[in-house]
Amino acid sequence: MSLDLKLDGRSEDRFGTMAQGLLGTPADRPEGVLKVTGAATYAAENLPENCAFGMLVRAPGQGKVTAVNADEVRAMPGVLAVIRDERMIRNAAQGTANEAPVQGVDHAEYVGQPVAVVVAESFEQARHAAQSLKITTEGSPGPVDPDAVEPEGEPTRTGDLDSAMKDAVHALDLTYTTPSHSSTPMEPHAAIAEWDGDRVSVRASLQMLKYNRNELADCLGISAENVRIQSPFVGGGFGSKLGITAEAVSAAIAARELGRPVRVVQHRRQAFETVTRRSETTQRIRLAADAEGRLSGLGHEALVSNLPGETFAEPVTQASAFAYAGAHRVIGERLARLHRPAAGSVRAPGEAVGVTAFECAMDELAVKTGLDPVELRRRNIPDKDPSSGKPFSSHMLAAALDDGAGRFGWSDRAPEPRSRREGEWWIGSGMAAAFRVNIMMEAEARIDLTPDGAVVETDMTDLGTGTYAILTQIAGEALGLPAESVTVRLGDTDFPPGSGSGGSWGSATTGNAVWLAALDLRRQIAARLDCDEAELTLRDGQATCGNVTRALAEVLGGDDLRGHGHITAGDAFEDVVQSTFGAHFAEVAVSDVTGEVRVRRMLGSFAAGRILNEKTARSQCHGGMTWGIGMALTEELTHDRRDGHMVNRDLAEYHVAVNADVPPLEVHFLEELDPWSGPMQSKGLGELGICGAGAAVLNAVYHACGVRIRDMPATPDKVLAGLE
Amino acid sequence: MQTTLSINGTEHRLDLDTRVTLLDALRDHLGLCGSKKGCDHGQCGACTVLVGGRRINACLTLAVMHDGDEITTVEGLAEGADGGLSPLQRAFITHDGFQCGYCTPGQLCSATGMLGELAEGWPSHASADLDGNYELSQEELSERMSGNICRCSCYPGINAAIRDAAGAEGRK
């Protein structure tokens with residue numbers, strides 16, 4: 001039995017009537033003790049008996065690949081195999097691909113492509129042998145410069161933006177650039193594969209197991225029923241573990257060939273190359289405004305890149321379609337086919353870089369019109385989606401702007417740049433709006449209810465996103481159980497298929513599937529009490545209907561009950577436009593001597609429907625805001641101009657924000673329930689915090705010292721050049 | 001090569017390839033997987049352990065160099081015979097000082113070592129002078145913990161947890 005729901009319209013808020021008082025509280029993570037004691041086991045851990053160790057080998061150039069000394073390497077101490085298999089993959093699969101990515105190792109399409117896996121008795125032997133394998137490439141390399149090729153695609157044109165620009169009182173035509181970015185989660189990509197006859201079990205570090213299972217099966221040429229993937233703990237993903245990855249495929253191939261378990265862990269430098277990066281972008285932004293700052297038209301055109309054969313194009317302008325009013329519009333991406341490492345989803349694909357550049361342009365318009373940046377945005381909030389004419393499910397931008405501005409003390413800000421100086425430091429503040437589309441996918445979950453409590457099972461993952469916590473709270477709230485009576489089991493394809501973690505859709509999609517499973521159980525409990533489910537109150541293990549209260553264990557009467565829920569998105573995601581909204585505010589100091597930028601404080605006000613757990617939600621926003629600091633100031637993957645390879649592919653040279661880069665961060669949530677988003681009335685939050693955060697920092701840099709940086713990140717050399 | 005490591009108070013005799021790092025000895029040879037490998041290059045801090053009470057990157061040192069050394073890993077931080085959590089471990093949970101949890105063992109070992117360094121009067125880049133009397137200010141704490149990257153970016157929670165566990169808004 002299963003309770004299925006397709007979301008075709010508004011949903012009733014059932015959680016407002018529940019009695020346990022668990023959902024929405026800042027509960028600690030239930031897996032917290034495992035994580036602080038080192039007992040949580042990640043993909044490379046739990047080594048099976050007789051496990052062999054594999055190491056990937058990269059291509060040093062593009063073209064036809066030859067392993068020159070494979071026989072010599074096979075003879076090295078401990079070496080078991082040098083494998084170059086046509087089923088190995090070129091790069092990680094794109095998110096939700098559900099099939100194998102491009103396969104083959106005879107030809108390298110980018111520098112750094114995996115072309116072999118060397119397996120040995122020990123990790124040290126495998127590493128030495130892999131480093132000893134000499135790979136050559138020959139043939140003419142494909143293009144690596146975005147400006148050297150004719151891109152694919154055309155933007156969508158509405159009205160006549162060119163005329164609107166000519167007629168505008170204030171017109172801006174600006175170009176911003178962002179470099180490639182890397183997710184680079186703390187846990188490198190890792191897998192241990194073990195075969196039992198025709199069946200392969202893989203402990204992996206992946207975000208979306210139901211898709212990953214099909215992808216791996218397709219890579220190996222076997223049926224998905226013969227693939228089991230387990231990822232109970234994932235050491236961060238941020239998009240880089242959405243699709244099946246090279247180490248998982250090569251571990252499975254090697255384990256099949258050797259007839260024993262094989263572990264393959266990507267070295268940090270390998271993971272930079274073989275896992276999808278965020279594409280570099282060149283963004284032309286046009287704004288046409290009247291004397292009052294009201295937009296008559298806007299243009300947002302982006303040039304992005306990817307390898308031939310990849311379907312993904314960084315959706316830079318995704319939010320620009322609905323963010324601001326303006327009848328005349330040119331919006332869309334062009335895709336350059338380049339032989340740089342593959343591009344794909346990195347936290348908030350599209351909005352992370354698109355909203356950031358657009359919000360910098362809005363700041364420039366505010367300066368040009370003489371309007372306060374908050375007021376300029378308020379004036380351009382559309383009453384319906386300007387691209388499709390559809391209504392919004394809810395629109396919280398004005399509320400977020402007001403809330404954030406008030407809390408930050410925005411009204412104390414002198415409008416002129418270079419208004420405040422402390423010693424060598426220019427002090428300034430900036431703001432930006434935040435937008436991120438709200439997406440729902442499909443998910444299933446089941447709950448087993450026994451006298452001991454409830455056990456929730458789904459193949460959903462927890463990347464640190466708080467899944468264990470919120471699914472515990474949802475099930476506990478709906479079934480009237482305290483958190484300690486609920487066990488959540490995740491990350492195993494033997495469980496019902498969840499949504500996977502990505503696109504901020506995990507909590508709302510899989511969470512609603514857990515709610516439906518709980519509702520299924522509530523109906524069974526109500527039937528046993530001979531009452532209507534809506535009249536049933538469950539709290540602290542007691543079931544109350546009318547004036548009758550009985551212990552849940554007594555209601556079960558020795559039976560174990562199972563509830564199953566299944567949710568799919570329907571017209572509720574077609575008839576209205578769903579988005580989350582927010583406002584970022586930042587204060588920075590810029591050194592007049594060195595051009596160094598220090599962020600002094602940062603504040604975000606966010607609206608994402610019902611907040612399921614304020615503690616884990618806040619941490620997600622901290623993460624996004626911090627990535628915004630990195631995007632604005634330090635994060636930049638550099639591609640070699642000659643062959644496109646990633647020059648700075650490690651954590652010493654690719655500068656993510658560290659503790660000393662991050663000031664105290666303030667996060668506030670606006671009260672909101674969005675009935676269009678499902679029964680929980682909750683929307684995705686994991687990516688909203690990064691969208692526009694970097695723009696608040698860069699706009700603050702301008703306000704502090706008068707230097708406008710349009711080529712991100714704002715490293716000291718660029719700021720200093722502007723100061724001089 | 002024969003090596004004896006004293007880990008969390010227990011002696012382990014190992015016969016290791018001289019190329020095995022202390023980190024891989026812990027993880028792959030002793031099954032103590034709490035210490036994490038994030039970069040294997042001393043760039044991220046996930047592998048931080050305490051050797052003789054001093055924090056080091058276990059990926060940047062070979063196991064055979066530590067014959068006879070006293071090593072503390074995250075598995076050894078819990079206090080008391082019942083294995084109860086240390087105040088720092090409890091504070092990390094309360095303040096949500098982690099999300100994915102992968103850098104957490106390194107953060108915990110690093111913070112434990114850092115508080116010791118502060119108490120002993122070691123200066124940092126953020127210290128105004130060298131008189132050895134330092135408070136656990138935001139600047140000192142952030143500077144001293146910047147060798148441990150958290151890509152989930154839980155720095156606000158990490159810092160709140162450390163200050164809470166250190167027992168003061170300003171430990172002298």
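Guide: Happy to! Let's begin with a term: buried area is the accessible area (1.4 Å probe) that two parts lose on being put together, summed over both. This is a predicted model, where local features need pLDDT of at least 70 and side-chain atom pairs count only at pLDDT 80 or more, while totals for chains, interfaces and linings use all residues. Residues are numbered from 1 along each chain as its sequence is written, chains are lettered from A and ligands numbered from 1 in the order in which they are written, and side-chain values use heavy atoms, leaving out hydrogens and water.

Visitor: Okay, what area is buried between chain B and chain A?

Guide: About 4,200 Å², with carbon and sulfur atoms giving 56% of that area. Arg19(B), Gln99(B) and Arg151(B) supply 20% of what chain B buries against chain A, more than any other three residues.

Visitor: And how many residues does each chain bring to the contact?

Guide: Chain B brings 46 residues and chain A brings 58, where contact means heavy atoms within 4.5 Å.

Visitor: How many salt bridges are there between chain B and chain A?

Guide: There are five. A salt bridge is a side-chain nitrogen of Lys or Arg within 4 Å of a carboxyl oxygen of Asp or Glu. One of them pairs the side chains of Arg151(B) and Glu635(A), at 2.9 Å from N to O.

Visitor: New topic: where is Glu672(A)?

Guide: Look in the loop of chain A between strand 28 (665-669) and helix 15 (693-705). Helices (H or I, at least four residues) and strands (E, at least two) are DSSP runs, numbered from the N terminus.

Visitor: Is Glu672(A) buried or exposed?

Guide: Glu672(A) has a relative accessible area of 10%, so it counts as buried. Buried means under 20% relative accessible area, exposed over 50%, and partly exposed in between (1.4 Å probe, protein chains only).

Visitor: Which side chains are in polar contact with the one of Glu672(A)?

Guide: Ser394(A) is joined to Glu672(A) at 2.4 Å, and Lys683(A) at 3.5 Å. A polar contact is a pair of N or O atoms within 3.5 Å; within protein, one must be able to donate a hydrogen and the other to accept it, and residues adjacent in sequence count only if both atoms are side-chain atoms.

Visitor: What about Ser153(B), what is its phi?

Guide: Phi of Ser153(B) is near 65 degrees, a positive value in a residue other than glycine. Ser153(B) sits in the loop between helix 4 and helix 5 of chain B, and is buried, with 2% relative accessible area.
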